[in-house]
Amino acid sequence: MTYPFLPPAGLRLFGAACLLLSACAPTAPRQTATTTLPPNQFADATLRLIGTAQDERNTTALLPYLANPEARYREAAALALASVQDKQATNALLPLLQDPDAATRRASAYALGQTGDSTAAEPLAIQIPKAGSAVQRRYLYEALGRCATRSSLRLLWRNAAPADTSFSTGLAWGLMRAGLRGLTSEAAVARAVALLQPRQPLAARQGAAFALARTPRLDLTPYQVALTAAVADPDPVVRAAATSALGKVKSPTIAPTLIGLVRQNIDYRVRVSALRAMNATMYAPVKETAWDALTQPNSQVAVTAAEFFLAHASGEPGRQFLEKAARLTDWRVRATLLAVALKLGGPEQGAIRTAIQERYAAATDPYEKGYLLKALAEDPAAYAFVEQATFAAGQPLVVGSYGMEALVAMRRLPAFPETQHGAFALTLRRALRGGDVTIMGTAAEALRDPQLNLRRLLPDAGFVVEARDKLVLPRDLEAWQSLQQTIDYLQNRPATPVPVAKAAAHPIDWAVVQRIPARQRVLVRTSQGDITMQLHVEDAPGSVASFVQLIEQGFYDGKTFHRVVPNFVAQGGCPRGDGSGSTDYNLRSEFGDLRYGEGAVGLASAGKDTESCQWFITHGPTPHLDGRYTIFAQVVQGLDVVPKLAIGDKILKVELIR
C-alpha cells in the first residue's frame, strides 16, 4: 500500500484475504455504569443523506445542500465535497466564502483547496483581506496554496508581507501547501525564511519551517544563517522541521550545527532530523557523532544513524561495521549495520556474507530475518541464498516479502553479473506464478523497470495476465495495480484505469455509526504499553464504523506493527504482517477538516478510495498528509508509548472503552 509520505515509500497495504466482517452481527460498545457519552450527529437523517452522497461521490446530490437555509447542512455539504474533490462543484462553493456562518466559510475554503481548481485562486485571494478572523484567513491561504499555479503563486503575498503578523500564519501555511506541490520561487522562499523569525507567531514559524523542509529541490545555502538560528527555536516542531531544511544547505559548514543537535537536543525528533540532514560531503566530520548515536537509548535515533551509514559510508573496512553490529542488541540497527559491512565489503566480503547468513539461520523473529535478507542484497554473490530463503515453504509471509525486495535490489546493483540476468528473469516468472500477492507485486514492478531492461528477456505479457486474473478484487487491489501496469508496459499501451469503483463498493453502515458515541474511545494494548485513542466518528463515519466492527471481531488482536519510520509513523493492522494485507472490502476516503498533528491516527491506502484495515499513528505533525489520508482517531493517552513502538511489536488487544 502506498504509505503516508514517503513515497511515500510508502503505505503498502493490500493483499491477503480476511473474512467479510461487515456481514457479522455487531455487539454494542462496552459501557461503564458511570459514564454516558453523547450520541454523534448522525442521528440527524439529513446529515446521513449528505454522508451517503459523499460516500457515493455524488456531487449532483450534494450541490442543493449548499443553498440549504440551515448552516449546518451547508457546512456538511461543503465538507462532503472536500472528500469528493470534484471541480464541478467549484462555482457552487465560491459563494459560500461569504456565507454568514463562519464554519461554512471555512468549510467552503477547505473544499475548494481539496479540489485544487486553479480557477478558484483569484476568488480565494480576493477574500483574504476581507476575512473576519485569523482562522478564516489561514483557511483561505491554505486553499489558495493548493489551487495556485506558477503564474498565480504571487497571489499568496499580494495582500500581506511577513512584517504584518496578522497575516503571517496564513501566508506561511499557504506557502507550505504550494511548496508541497512543487510550486515555489525565490520570492516565496525569502518570505518563508522571514516567517521563521522569533517575533512571528508560533503557527507561522511552524508553517514556514514545514514549507522549507517539504518543498522539493530547494537550495537553501543562501539562508544557512537564518536556518541555523531557527534550530534554536523554543518549539520542538519548528526545530525539527528547520533541521530538516538544513539538509538542503549545500555546504559542509553546517556540520557542527548538526553534530550539536544530534548530541544535545532533548527532542528525539530533532536528533533524527539532524542525522537525516547529514550527507556524504560531510561524512568525515560527522561520522563519530553518528557512530555514537548507534547506541542512543532512543531506537528511532539509533536506526536513523545506521541508515546514515548505509547511505553515506565509504572508504572504510566492512569488518569495522561487522564488529560494531555484533555488539548491538537492537536487531534492526544491527541488521542495517551488517548491510553497511557487506556493502563496503573489501577482502573480507565473503566472511561478512557468511556471518550474515549464519545470523539469518539462527534468527527467530521473521522481521529480523527479513532485514537480514535486505542486508544480503548488497552482495550479488548472496543471490542463491536469498532466492532459496524467499521461496522456502512454510515460512512467515513477511520473510518472502522482504526476500523478493532484496532480490530486486540486488539486480539493480552495478556489480550484478550479466551472466545472472537470465536467472533473474526466471525468478520473476516464478514469483508471478507463485500466488503470493506481495511477491507478485514486487516482481511485476521490477519487470516494468526500464533501467533493468527485462522486456527483452520476458517480452510476452501472457504469464502476467494469467497471474493478474487469479487475483480477487478489491482484496488484492495493490497487486492488481502493479500487475496491470506491467501488462500495459509490456504491451506498449496506455495505462488501464484502476477499478476503484469496485474496490470501494462498501457503503457506510449507518446502523453501526449511530450506536458509536461522539467521543468513543479505544484502548490499544501493545507490547510497549497502552495507547488510548478517541474516534472521529463525525468526521469519518464510514472509516470509524469499519474500525469498530473489526475491533468487535477481534481482528486486530495479535497483529503487529510492521512498519515504523523514525519521526514519521508506526503502522500496524496488516493481516499478513508485511503491509500488503487487506480485508475483503475497501472504503471510501474521508478527508474531514482535520490535521495530522502528533498522535493522529490515519488509514493506510493504495490511493484514494482504497482504504481498508491498516492504520498508522504519527510521531509528530505531518502536514503533508493532510487531505490525502483519512484521519479517523487521535491518541489522547499514551503518546509516550508511540515513539517506543518498533517493527514486530504486538497489538495485544484492541477494545472499545468509555
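Against which helices do the buried residues of H10 pack? In this predicted model, whose residues are numbered from 1 along each chain as its sequence is written, local features need pLDDT of at least 70 and side-chain atom pairs count only at pLDDT 80 or more, while totals for chains, interfaces and linings use all residues. Side-chain values use heavy atoms, without hydrogens and water.

The buried residues of H10 pack against helix H8 (165-180), helix H9 (186-194), helix H11 (224-230) and H12, where contact denotes heavy atoms within 4.5 Å. Helices are DSSP runs (H or I, at least four residues) numbered from the N terminus. Ten of the 13 residues of H10 are buried, so this helix is largely enclosed by the rest of the structure; buried denotes under 20% relative accessible area, exposed over 50%, and partly exposed the range in between (1.4 Å probe, protein chains only). Among the buried residues are Arg-205, Gln-206, Phe-210 and Leu-212.

A pocket is an open set of points on a 1 Å grid over the protein atoms alone, where a 1.4 Å probe fits, with protein on both sides within 12 Å along at least five of seven lines; lining residues have an atom within 4 Å of a point. Of the 28 lining residues, Arg-214, Ser-244, Ser-273, Arg-276 and Asn-567 are the closest to the pocket centre. Two or more lining residues come from each of helix H10 (202-214), helix H12 (236-246) and helix H14 (268-277), with H12 providing the largest share, five residues. The lining comprises 15 nonpolar, nine polar and four charged residues, with Ala, Val, Leu, Ile, Met, Phe, Trp, Tyr, Cys and Pro taken as nonpolar, Asp, Glu, Lys and Arg as charged, and the others as polar.

Salt bridges, defined by a side-chain nitrogen of Lys or Arg within 4 Å of a carboxyl oxygen of Asp or Glu, number 30. Asp-530 pairs with Arg-525, the closest N and O atoms being 2.8 Å apart; Asp-530 is partly exposed at 36% relative accessible area, and Arg-525 is partly exposed at 33%. A salt bridge also joins Asp-593 and Arg-595 (2.9 Å, N to O). Salt bridges with shared partners connect Arg-138, Glu-142, Arg-177 and Asp-626 into one network.
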